[in-house]
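Here's a quick walk through a few side-chain and backbone details. Have the chain open in your viewer as you read.

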Amino acid sequence: MEDRSYFIEMPRDLTSYEFYTHVLPIRNETEYKESDIILDFSRTFKVEPLVIPNLLCFGYELGIRNGNVPKIYFPDTSYSGEVKNYLNEIGFFHYANKYGLFEFCSSPYSGLTGKKIDPICGTLYFDTENTVDEINRGVELCIAPFADEYLYKFECIRSDLDQTYYVNDITEFLSEIIMNCKQHAHSFSFTTLHAKYSAKKIYISVSDFGCGFLNTIASDLYCKDEVEAILCGVYKRKESKVYGLYNIIRRVLEYNGKVRIHSNSEQLIFTPKILTSFLKNELLKNDNFKKYNIKRNVPFSGVHIEIELPLERR
């Protein structure tokens, strides 16, 4: 059999925008069944935290579609050492190796250079074998300290019978998303959290490899595509004072942040500019939203949610 290798060139700055605009389309245009797929990081100087769960799911998807575990190539350069160090620090290498999502053309641990990241930043993994208690405990141990440190603006008081207590909306939101991955998507999930001082931003990203919004919501509501299904999922619990996509998106936009939601083949981007239309549930009447905030025909299995916030440390 002919030995064939297909290289997917990673961009200089591997951001969420570049991943969805350039990496995924290249993957979808290439016929590579039973060939070696190599992600080439020769030009890459930095990787955005939001992309970490996407890359891990990307490796899983490539392995299933191709029949071979995809590979990653790093050149022997100083800037590559910084990229490798970051991927090691954020937990990408740990999960890529542990679950056989990628192989490496050379050792990913050689020549690491660069600073350590904040110890409470990193990547988490949950799967369908985790019990509800294990998920709640994992969120409490790993995500709650991050929320206490960086997301204090999302703290609120909640009352239950005679009890009054403090909760963090984003912590509870992430806990619910991870639970949904188990119960509805029947999928593993990756969550990356990183407060990046140099960019003055907080990054939160969750990815699963489940059935997506349209397949989940179709049994309850008629939606013609993933865009309508995502919006139905957002507004379904609009009146709820806790959890829910609507409540989180609203609060993130009010704090001048951004939310991106991708489901199977479509991505919606929520920015402060569309807050008024969002609150009125009139996004699909907003021509700018339809033109600039919807990415269509970008196949990537599962649901991928990204949140960006201005960095403010307690």
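In which loop is the place of asparagine 281? Asparagine 281 sits in the loop between helix 10 (275-279) and helix 11 (287-292); helices here are DSSP runs of H or I with at least four residues, strands are E runs of at least two, and both are numbered from the N terminus.

A word on the ground rules: this is a predicted model, where local features need pLDDT of at least 70, side-chain atom pairs count only at pLDDT 80 or more, and totals for chains, interfaces and linings use all residues. Residues are numbered from 1 along each chain as its sequence is written, and side-chain values use heavy atoms, with hydrogens and water left out.

Most residues other than glycine have a negative phi. Asparagine 281 has a positive phi of about 55°, although it is not a glycine. Lysine 200 also isn't a glycine, and its phi is a positive value near 55°. You'll find lysine 200 in the loop between strand 10 (189-196) and strand 11. As for accessibility, buried means under 20% relative accessible area, exposed over 50%, and partly exposed in between (1.4 Å probe, protein chains only). Asparagine 281 is partly exposed at 45%, while lysine 200 is exposed at 62%.

**Rings.** Rings of Phe, Tyr and Trp (its six-membered ring) pair if their centres lie within 6.5 Å; planes under 30 degrees apart are stacked, over 60 edge-to-face, and the rest tilted. That rule gives 28 aromatic pairs. Here are two of them:

| Pair | Centre to centre | Angle between planes | Type |
|---|---|---|---|
| Tyrosine 60 and phenylalanine 209 | 4.9 Å | 85° | edge-to-face |
| Phenylalanine 92 and phenylalanine 102 | 5.8 Å | 40° | tilted |

Tyrosine 60 is in helix 2 (residues 51-66) and phenylalanine 209 in the loop between strand 11 (201-208) and helix 7 (212-217), so that pair links parts of the chain 149 residues apart. Tyrosine 60 is partly exposed at 31%. Phenylalanine 92, by contrast, is buried at 1%, and phenylalanine 102 is buried at 3%. Ring pairs also join Phe41, Phe74, Phe92, Phe93, Phe102, Phe104 and Tyr109 into a cluster.

**Charges over rings.** Here NZ of Lys or CZ of Arg must be within 6 Å of the ring centre and within 35 degrees of the ring normal. The charged end of arginine 12 sits over phenylalanine 45, 4.2 Å from the ring centre. Lysine 196 lies over the face of tyrosine 86, at 5.4 Å from the ring centre.
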